[in-house]
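Let's take a walk through this fold together, one piece at a time. Have the sequence and the 3D view open as you read.

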Amino acid sequence: MSGTPQELVLVDRPAERVVRLTIDRPPVNALSRALVARLTDAAATAADDPAAACVVLAARGRAFCAGADLKERRGMSDAEVVETVEAIGRMTAAVAAIPVPTLAAVHGAALGGGLELALACDLRIAAEDARLGLPECSLAIIPGAGGTQRLPRIAGPAVAKRWIFTGRVGTAAEALAGGIVDRVVPAERLEQETLALAGEIARCGPLALRAAKRAIDDGLDAARLDEGLAIERRAYRTIVDTEDRREALRAFAEKRPPRFEGR
């Protein structure tokens with residue numbers, strides 16, 4: 001792992017074609033302005049990495065991310081609060097814009113902006129000890145960094161409204177039942193299970209992964225099924241004339257694993 005704790009986000013490559021961004025702002029990785037800026041930059045760098053086929057978002061310490069840095073927030077003017085929340089929104093948008101599959105490894109608290117950050121990833125694996133929630137309404141505000149939009153798209157509007165309207169903080173098991181996380185594992189196996197899934201993804205064709213993610217995400221915003229199917233067809237055409245597709249056919253015929261090069 002590169003860097004020092006002062007860098008706030010550590011970057012390493014724990015497996016071939018897997019990039020990991022690890023939040024490192026103890027004790028609970030609260031979202032200070034400096035951390036938000038650093039993670040935004042790290043996500044943008046990962047998005048431009050041609051060698052990446054999967055990006056993992058993880059955290060050190062006792063929490064994934066407990067949300068806003070309320071000590072820092074108390075000294076802000078109303079205008080500064082708005083700008084800070086919008087900066088967190090830009091951070092989650094930068095994570096969502098990573099063109100390859102993204103995994104969030106969630107442990108401890110993932111609250112407010114912390115959960116919004118996890119929701120910006122494609123898949124979420126939670127440790128059994130995780131506690132997740134968007135408690136903003138209980139604090140007389142609303143989720144402002146994507147929570148009101150991404151949670152209903154992921155878990156459905158009824159689940160999203162119940163969690164947001166009540167400001168509840170739920171267990172990992174409750175989040176799994178609501179479709180907010182995709183898998184729950186023992187805390188001591190969180191890293192192992194997340195990297196195993198990342199490795200499974202990274203073995204696939206990198207151009208295909210990008211095309212599939214683009215087709216899914218763009219198709220979700222289509223008003224009609226035929227529009228979504230047209231998006232899928234356009235995405236498929238981008239990968240037909242690629243060396244990776246031809247390599248996959250050769251590998252199948254030769255009964256060996258393919259060697260994809262992203263071209």
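Which backbone oxygen does the side chain of threonine 194 reach? The answer is that of leucine 190, at 2.7 Å. Keep in mind that this is a predicted model, and that the distances and angles here are computed from it.

**Around threonine 194**

Threonine 194 sits in helix α8, which covers residues 190-202. Its relative accessible area is 1%, so threonine 194 is buried. Leaving aside residues up to four places away in sequence, threonine 194 touches Val56, Leu103, Ala105 and Ile125. Two of those names, Leu103 and Ala105, turn up again on one side of strand β4.

**The six-stranded sheet**

That brings us to the open sheet of 6 strands, with mixed pairing. If you trace across the sheet, you pass β1, β2, β3, β4, β6 and β9 in that order. The edges are β1 (9-15) and β9 (183-185), each of which pairs on one side only.

On one side, β4 pairs with β3 in the parallel sense over 3 bridges. Here leucine 57 has alanine 104 of β4 as its bridge partner. β4 also pairs with β6 (residues 123-127), again in the parallel sense, over 4 bridges. In that pairing valine 106 stands opposite alanine 126 of β6, and alanine 105 stands opposite isoleucine 125 of β6.

How many of the residues of β4 are buried? It's 5 of 5, which makes β4 mostly covered. In a regular strand the side chains alternate between the two faces of the sheet.

**The three-stranded sheet**

There's also an open sheet of 3 strands, in the order β5-β7-β8, and its pairing is mixed too. The edge strands are β5 (109-111) and β8 (169-171), each pairing on one side only. Neighbouring strands in this sheet are turned by 20 degrees against each other on average, with direction ignored. β7 (residues 131-133) runs antiparallel to β8, and 3 bridges join the two. One place to look is arginine 131, which stands opposite threonine 171 in β8.

**A loop aspartate**

Aspartate 49 lies in the loop between α1 (33-47) and β3 (54-59). Is aspartate 49 buried or exposed? Its relative accessibility is 13%, and the cut-off for buried is under 20%, so aspartate 49 counts as buried. The side chain of aspartate 49 reaches the backbone nitrogen of alanine 51 at 2.9 Å. Beyond residues up to four places away in sequence, aspartate 49 touches Arg13, Val19 and Arg210.

**Two helix pairs**

Two packed helices are described by the angle between their axes and the distance between the axes. Here are those values for two pairs.

| Helix pair | Angle | Axis distance |
|---|---|---|
| α9 (residues 206-220) and α10 (residues 225-240) | about 165 degrees | 9 Å |
| α5 (residues 147-155) and α6 (residues 157-166) | about 135 degrees | 7 Å |

Why do α9 and α10 count as roughly antiparallel? The angle of about 165 degrees is over 145, so α9 and α10 are roughly antiparallel to each other. Their crossing is right-handed. The α9 side of the contact is made by Leu207, Ala208, Ala211, Arg214, Ala215, Asp218 and Gly219. From α10 come Gly228, Ile231, Glu232, Ala235, Thr238 and Ile239.

α5 and α6 are oblique to each other, and their crossing is right-handed. Gly147, Thr148, Leu151, Pro152 and Ala155 are the α5 residues in this contact. They meet Pro157, Val159, Ala160, Trp163 and Ile164 of α6.

Key:
Residues numbered from 1 in each chain as written. Predicted model: local features only at pLDDT ≥ 70, side-chain atom pairs only at ≥ 80, totals over all residues. Heavy atoms only, no water. Pairing = 2+ DSSP bridges. Axes fitted to C-alpha atoms, helices over the stretch in contact; angles between N-to-C directions. Buried < 20%, exposed > 50% of the residue type's maximum accessible area, 1.4 Å probe, protein only. Polar contact = N/O pair within 3.5 Å; in protein donor to acceptor, adjacent residues only side chain to side chain. Contact = heavy atoms within 4.5 Å. Parallel < 35°, antiparallel > 145°, perpendicular 65-115°, else oblique. Left-handed = near helix turned anticlockwise from the far one by under 90°.
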